[in-house]
Amino acid sequence: MILTAAAIRIEGRGPIIYSQTRIGRGGKPFAMLKLRSMVPEADDQLASLLDLQGTSTRPLHKVVDDPRITRVGRFIRKHSIDELPQLFNVIAGTMSLVGPRPQRAAEVAFYDDAAERRLLVKPGMSGLWQVGGRSRLDWEDALRLDLYYVENWSFMQDLQILFRTVRAVAAPGDGAR
């Protein structure tokens, strides 16, 4: 994390650690930590980028070929290094190592009754959709995997997901962004 922090600082201005409000278990907001992988004030540009690509009315806010991502950011995202500060969220009890990824309030606002079930468990640093396709999955497939996890939780499944996470980070493939 120290080397990554130095690379982020060398690349330009702005904070090294990025905090964003996400929605956790039971719909409770919390501050999720990440190493900054985008230009400063990137959140201010999100709505217009989503409008441009016609995806502002969906629960999974992903910008295709996102121009806000820095050079260092592309690398640390591909290898999930930007997620390491979430270990502090795990220690604080707002996140788990495994569970559905927490989303922004604007995304949660689009949830139907089925998607609301994602909020029954603590959000995780990794989950089934991260190891089952990452950014290649659409909302319906990601939701299906998250609901399977929520409804079929087991300690053994968590261990399998953690093992698959290590493999996905070591060899990220084309689904990592």
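Student: Does S80 count as buried or exposed, and at what relative accessibility?

Tutor: The model is predicted. Buried means under 20% relative accessible area. S80 lies in the loop between α3 (71-78) and α4 (86-92). S80 counts as buried because its relative accessibility is 17%.

Student: What is the phi of S80?

Tutor: Most residues other than glycine have a negative phi. S80 is a residue other than glycine with a positive value, and its phi is near 60 degrees.

Student: Which residue in the turn between β1 and β2 has a positive phi?

Tutor: Strands β1 (residues 17-23) and β2 (residues 29-35) run antiparallel and are joined by 7 bridges. They form a hairpin with 5 residues between them. The residue in that turn with a positive phi, about 70 degrees, is G26.

Student: Which residue in β2 stands opposite Y18?

Tutor: β1 covers residues 17-23 and pairs with β2, residues 29-35, in antiparallel fashion. In β2, the residue opposite Y18 is K34.

Student: Which side chains make polar contacts with the side chain of Q20?

Tutor: Q20 is in strand β1. In a regular strand the side chains alternate between the two faces of the sheet. Another, at 2.6 Å, is with the side chain of R22.

Student: What is the relative accessibility of Q20, and which residues does Q20 touch beyond four places in sequence?

Tutor: Q20 counts as buried because its relative accessibility is 8%. Leaving out residues up to four places away in sequence, Q20 touches F30, A31, M32, D43 and R104.

Student: What separates the C-alpha atoms of F110 and R22?

Tutor: F110 is in the loop between α5 (105-108) and α6 (113-116). At 37% relative accessibility, F110 counts as partly exposed. F110 and R22 are 88 residues apart along the chain, and the separation of their C-alpha atoms is 14 Å.

Student: What is the radius of gyration of the chain, and why does the chain count as being as compact as a globular protein of that length?

Tutor: The chain has 9 helices and 4 strands. For 177 residues the globule rule gives 16 Å, and the chain is as compact as a globular protein of that length because its radius of gyration is close to that value, at 16 Å.

Student: What percentage of the residues count as buried?

Tutor: The chain has 177 residues. The share of them that count as buried is 46%.

Definitions and conventions:
Residues numbered from 1 in each chain as written. Predicted model: local features only at pLDDT ≥ 70, side-chain atom pairs only at ≥ 80, totals over all residues. Heavy atoms only, no water. Pairing = 2+ DSSP bridges. Helix = DSSP H or I, 4+ residues; strand = E, 2+ residues; numbered from the N terminus. Buried < 20%, exposed > 50% of the residue type's maximum accessible area, 1.4 Å probe, protein only. Polar contact = N/O pair within 3.5 Å; in protein donor to acceptor, adjacent residues only side chain to side chain. Contact = heavy atoms within 4.5 Å. Rg over C-alpha atoms; globule rule 2.2 N^0.38 Å.
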